[in-house]
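Reader: I want to learn how to read a model like this one. Please show me, feature by feature.

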Amino acid sequence: MIQKPKGTYDVNGEKGRKILYLEKLLAALMENYHYQYVRTPLFESSELFHRGVGETTDIVSKETYDFIDRGNRNMTLRPEGTAGVVRSYIENKMYGDVIQPVKTWYYGPMYRYERPQSGRFREFYQFGVEVFGTNDPLMDAEVISIPVNFYRLLGLKGIKVNINSLGDQESRLRYREALMDYFKPHLDSLCNDCKERFLKNPLRILDCKVDSEKEIMKHAPKMQDYLNEESKQHFEKVKEYLEAMQIEYTVNPNLVRGLDYYTYTVFEVEASVEGFGSQNVLCGGGRYNNLVETIGGPSTPGVGFAMGMERLLTALEFENINSVEENVLDAYIVPLSEEVKKEAISLTNALRLSGFTAEIDTMNRSMKSNFKTSERMHARYVILIGEDEVKSNILTVKENQTKEEYKVALADIIDFLDQTFIHDECDCEDCDGTCHHEK
RNA sequence: GCGGUAUUGGUGAAGUGGUUAACACGGCUGACUGUGACUCAGUUAUGCAUCGGUUCGAAUCCGAUAUACCGCCCCA
């Protein structure tokens, strides 16, 4: 049997409904925030990611899906969304758009050649936001508010916002040097991973799980001491604006994030699912004021974030949040013989056009199994069509919940399905006030 | 890139070298040819992830591969 490629997954059934629901909710939220939808190619020149994301990151150095196309071009399946959106911003000269800042959102699959594990796939979906053209700390706060509000809307509890500031490029470089000077004589006492980090990305030593409790860590130079005045003020404003939106946050001086392009604000939003581990980080992002220029555009500040849909879905499952309403079927139509099939399909079609969900038996099921099937599909009504019904133009309609049977003229069926008799009570069991009984 | 565990019908699974792969749920058909429950009777894996090996004999032992799940690294 041919299996799906490692680290991929199929979507079907209930999961499909959940995903569509989340996508709809996200699109509506972005409408409220007044962001525009952008879509960029799934593959780009490999060079874009090398320049944009950074050579030293694992994402680019060992996790990309690369291929050479038939025209001998080096291509890479996008491992993240930002680089492509920035490329598109520059190529479409959006820095010249009449409305500034340019606020965009995207959604789609990303590809990383990783070992699959809990909440991590080789093909995974990210929703993200990128805003170009303003350095106002208010924009940092607005971007942070998007995932927070989204999780609020979904009813996800225990959301934690971690923020930090890396300062401008100059501050960041000075701090990096200070860290290297500090750790260099103590390298032997650090774990093997940290020795690696020392060479590749010294800032990451700070959030090492193994060494975090050691004395050396506690006395390491602090980022805050290396921020210049402007960077400090920017960070202060971001915090004030978050408070104005009643968004609680924790300043985590060890939060550095993996991608090379961040400057000033960086943040992560965490869920608090027990035993969820690193999966608890539902989204992350920050400001990247040099990225547009690095990729070849005019010097333009930017800020954004990305969130993984798979983790969100798992977190919602863990928290038992099921916001999707049950799939209901208004009518299940049963043709009782080959001769009346045309009338049955005609009715089905008419109902569908009128906005009802309608299903018709295409398995030539027995009467018994049709009723069973209709129950499984959560059909409210079963409509039987046989010789008698066709001759008389009076349909036999059975209500699944009450097992009550009605005779309804063909001409009145839409009205019948439309109306709900609101009443105080009736004789049927479990009456929910929408059955067709008299008071 | 490194490590751990697993893989038997549509589903949950039993089976740890010996004929026919247990049991349960679900599905389908019929008793009941225009009415759903229940009951009863049938039926539902020529096969135990794949390939190779050991053996008179393998779902069971060995090896490789694939995939899944869980960690590390890294990240969303």
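This is a predicted model: local features need pLDDT of at least 70, side-chain atom pairs count only at pLDDT 80 or more; totals for chains, interfaces and linings use all residues.

Reader: Where is the place of asparagine 280?

Author: Helices (H or I, at least four residues) and strands (E, at least two) are DSSP runs, numbered from the N terminus. Asparagine 280 sits in the loop between strand E9 (263-270) and strand E10 (281-287). Residues are numbered from 1 along each chain as its sequence is written, while chains are lettered from A and ligands numbered from 1 in the order in which they are written.

Reader: What does asparagine 280 count as, by its C-beta neighbours inside 10 Å?

Author: A residue is buried if 20 or more other C-beta atoms lie within 10 Å of its own, exposed if 12 or fewer, and partly exposed in between; C-beta atoms are placed from the backbone. Asparagine 280 has 19 C-beta neighbours inside 10 Å, so it counts as partly exposed.

Reader: Which residues does asparagine 280 touch?

Author: Two residues are in contact if their C-beta atoms, placed from the backbone, lie within 7 Å. Leaving out residues up to four places away in sequence, asparagine 280 touches Glu270, Ala271, Ser272 and Val273. Val273 is also among the contacts of glutamate 319, together with Leu156 and Lys157, with residues up to four places away again not counted. Glutamate 319 is in the loop between helix H11 (309-318) and strand E12 (329-335). It has 16 C-beta neighbours inside 10 Å and therefore counts as partly exposed.

Reader: Which residues touch the most other members of the largest nonpolar core?

Author: A nonpolar core is a set of buried Ala, Val, Leu, Ile, Met, Phe, Trp, Tyr and Cys residues joined through C-beta atoms within 7 Å. The largest has 64 residues, and Tyr89, Val129, Val143, Ile144, Leu282 and Ala315 touch the most other members. Helix H5 gives the most to this core, with 8 residues. Alanine 315 touches Leu156, Ala271, Val273 and Leu282, not counting residues up to four places away in sequence. Another core, of 18 residues, lies apart from it; Ile333, Val382, Leu384 and Ile385 are among them.

Reader: How should I read the packing of H5 and H9?

Author: Two packed helices are described by the angle between their axes and the distance between the axes. Axes are lines fitted to C-alpha atoms, for helices over the stretch in contact, and angles run from 0 to 180 degrees between N-to-C directions. Here H5 (residues 137-154) and H9 (residues 229-244) pack at about 45 degrees, with axes 8 Å apart. That makes H5 oblique to H9 (under 35 degrees is roughly parallel, over 145 roughly antiparallel, 65 to 115 roughly perpendicular, the rest oblique). Pro137, Leu138, Asp140, Ala141 and Ile144 of H5 meet His234, Lys237, Val238, Tyr241 and Leu242 of H9.

Reader: How many residues of H4 are buried?

Author: In helix H4 (residues 82-91), 7 of its 10 residues are buried. They are Thr82, Ala83, Gly84, Val85, Val86, Arg87 and Tyr89. Their cover includes strand E5 (102-111) and strand E6 (123-132).
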